[in-house]
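Let's take a walk through this one together, stopping at a few residues along the way.

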Amino acid sequence: MTKAVCFQCGHIKFGSFLPCDQCQAKPQTDEELIVSMAMSDHYFDQVSLESMGEYTKENGHPPQLDPESEKVFRRNFEEAKASGVLDQLFENPDS
Ligand SMILES: [Zn+2]
């Protein structure tokens with residue numbers, strides 16, 4: 001399963017788009033989803049993820065992606081959204 005940094009508290013959680021087991025935050029907006037997708041072991045190694053987590057913890061928000069990477073992540077995100085993969089992830093098991 002994907003290891004990812006929580007965009008709110010910096011905790012290393014499993015699954016970019018799943019609720020954080022520490023603070024229960026779940027990415028909802030495109031920006032939160034993109035940064036959550038970016039801060040995962042798909043794109044960064046463990047050491048980088050940990051330092052992003054530290055940054056998020058200390059500053060209360062995730063590190064700013066550089067504009068070039070942001071563009072790439074946004075494009076990947078738009079593609080994932082268009083393919084319907086995200087809809088599956090967001091299906092509410094309670095409904
Ligand atoms: Zn969290």
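A word on burial before we start: buried means under 20% relative accessible area, exposed means over 50%, and partly exposed is in between (1.4 Å probe, protein chains only). Keep in mind that this is a predicted model, where local features need pLDDT of at least 70, side-chain atom pairs count only at pLDDT 80 or more, and totals for chains, interfaces and linings use all residues. Residues are numbered from 1 along each chain as its sequence is written, and side-chain values use heavy atoms, with hydrogens and water left out.

So, on to Pro 63: its relative accessible area is 19%, so it counts as buried. You'll find Pro 63 in the loop between helix H2 (46–59) and helix H3 (67–83); helices here are DSSP runs of H or I, at least four residues, numbered from the N terminus. Setting aside neighbours within four places in sequence, Pro 63 is in contact (heavy atoms within 4.5 Å) with Val 35, Met 39, Met 52, Tyr 55 and Thr 56. Take Met 39: 24 residues separate it from Pro 63 in sequence, and the C-alpha atoms are 9.5 Å apart.

Next, look at helix H1 (residues 30–38), where Ser 36 sits. Ser 36 counts as buried because its relative accessibility is 0%. Beyond its neighbours within four places in sequence, Ser 36 is in contact with Ala 4, Phe 7, Ser 16 and Pro 27.

Finally, the aromatics. Rings of Phe, Tyr and Trp (its six-membered ring) pair if their centres lie within 6.5 Å; planes under 30 degrees apart are stacked, over 60 edge-to-face, and the rest tilted. That rule gives 1 aromatic pair. Tyr 43 and Phe 73 make an edge-to-face pair, 4.7 Å centre to centre with 85 degrees between the planes. Tyr 43 is in the loop between H1 and H2 and Phe 73 is in helix H3, 30 residues apart, so the pair links distant parts of the chain. Phe 73 is buried at 6% relative accessible area, whereas Tyr 43 is partly exposed at 35%.

Note on methods. Helix = DSSP H or I, 4+ residues; strand = E, 2+ residues; numbered from the N terminus.
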